[in-house]
Amino acid sequence: MTTADLSALLNREQADAELFDLLRIASVSADPTRKAEMGQAAEFLRAKLAGLGFAARVDATAGHPVVYAEHLKAPGKPTVLIYGHYDVQPEAPLEEWVTPPFQPTVRNGRIYARGSTDDKGQAYAHVKGAELLLSQGDLPVNVKFLLEGEEEIGSPNLEAYLQAHQAELAADVIVISDGSRFAPEMPTITYGVRGLSYVEIHVQGANRDLHSGSYGGAAPNPINALAEIITRLKDDQGRVTIPGFYDGIDELTAEERGMWASLPHSDEEFAGSIGVPALPGEEGYSTLERLWGRPTLDVNGIWGGYQGEGSKTVIAAKAGAKVSMRLVPGQDPERITRLISDYVPTIAPAGVTARVVPHHGGKPFKFDLNSPYNQAANRALKRVYGREAVFARTGGSIPIVAAFADILRAPVLFVDMGLNEDAPHSPNESFAVQDYHNGILTSAYLLEELGQ
């Protein structure tokens, strides 16, 4: 079957209508008042897959349910596990939405709704891709769907589910579409994700808040101390100063640096898109190299002292900051957390104590550029877009990938359909109608190519 034939068979109006029905369900996993909606979204997907001939069910977990479905009618062919999630971010701040977040609206060729790109639109494109192939016969590979309801709250129960269903979930490759392409009309295969170590720094000074007139100039100031600690975590070259932080890192290859340098990236346009005059970072690396292939340390939040209206002349007793470190292959999140925990107390100024409180983390991963799965994805994308895919890494972290690797022991294939301009997690999240339709075709062709 040719590309034109399959594209002509896609009922776009029906595909849009079904996605809109799913988007109307306010499946916000972080909101305990939306438990019924979470169940409704799971049942919507189960019923759809069952209607396509999949053996489909909704499995309870300690939190929100998992939808599992399988269509195993291709003996001797690979088994493809498609992962996605039906839960969405909270819609707040509601006042910034142009149209209601759970009333999908098309404006200027884009579907505006919470979850449109992250991840209902991309996950449902795979469901419709399977349906498109089934309308012409049987699937060319064995297909399993794993659609969870807790990705937006860190997938706290998915690892236990993977352990309990390890044999049932066995697959040759795991396909995930939950991110962004490099640019419009530029098909992208993501072959690496950064890891994460997330901590808080707590600084303690006096045993109470102090009058800044009576004690200022003599008593230690935890907020000043925190600022000093933060500035000492990186040097003036943009490098993290934690001893051992860079040990064992997999350096960027000449192939990767050349490949990324050839991409149509503009620092000026990138800076303009976020409204800043410059792009500071680690010296000696391009913006894309810093985003995708180098580790980082960023302060994500800071607190201490009086925050209310007017003035209150006190020296706070304590201060703190939230710090995230994005990690690259060769770095272990537990080790990095230990390193910063050991280092911060040694750079605390006199008069205060500083300690690090660990939160969560995730391992970095990098997959073989030349794997047969990546090559199959490249062929599928070329059938849709008429051009070769670009290979990129992502600066974000997807902790569940580590569980897939450790428990299911199958390679992961990222074939993302969205764009950064879709504004996932933000008000007015959207998904281009054409990207949704292209995603359906990509999914169908990917299953065909994986069958080869």
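Ala, Val, Leu, Ile, Met, Phe, Trp, Tyr, Cys and Pro are classed here as nonpolar, Asp, Glu, Lys and Arg as charged, and the others, Gly among them, as polar. The model is predicted, so local features need pLDDT of at least 70 and side-chain atom pairs count only at pLDDT 80 or more, while totals for chains, interfaces and linings use all residues. Residues are numbered from 1 along each chain as its sequence is written, and side-chain values use heavy atoms, with hydrogens and water left out.

Rolling a probe the size of a water molecule over the atoms shows where empty space is left. On a 1 Å grid over the protein atoms alone, a cavity is a set of points where a 1.4 Å probe fits but cannot get out; a pocket is an open set with protein on both sides within 12 Å along at least five of seven lines, and lining residues have an atom within 4 Å of a point. Grid points are joined across faces, edges and corners, and a volume is the space filled by probe spheres set on the points.

By this rule there are two cavities of 30 Å³ or more. The largest share, three residues, belongs to α14. By class, this lining has three nonpolar, three polar and two charged residues.

Helix α14 also packs against α2 (residues 12-23): their axes come within 11 Å and cross at roughly 105°. The axes are lines fitted to C-alpha atoms, for helices over the stretch in contact, and angles run from 0 to 180 degrees between N-to-C directions. This makes α2 roughly perpendicular to α14, a term for angles of 65 to 115 degrees. In the contact (heavy atoms within 4.5 Å), Arg12, Ala15, Asp16 and Leu19 of α2 meet Val433, Tyr436, His437, Ile440 and Leu441 of α14.

The largest cavity holds about 40 Å³. Among its lining residues are Leu22, His85, Lys120 and Tyr124, and α4 (residues 120-134) gives the most, three residues. Six lining residues are nonpolar, one is polar and one is charged.

The second largest pocket has a volume of about 200 Å³. Of its 14 lining residues, Pro333, Glu334, Gly361, Gly362 and Lys363 lie nearest its centre. Strand β14 supplies the largest share, five residues.

Note on methods
Helix = DSSP H or I, 4+ residues; strand = E, 2+ residues; numbered from the N terminus. Parallel < 35°, antiparallel > 145°, perpendicular 65-115°, else oblique.
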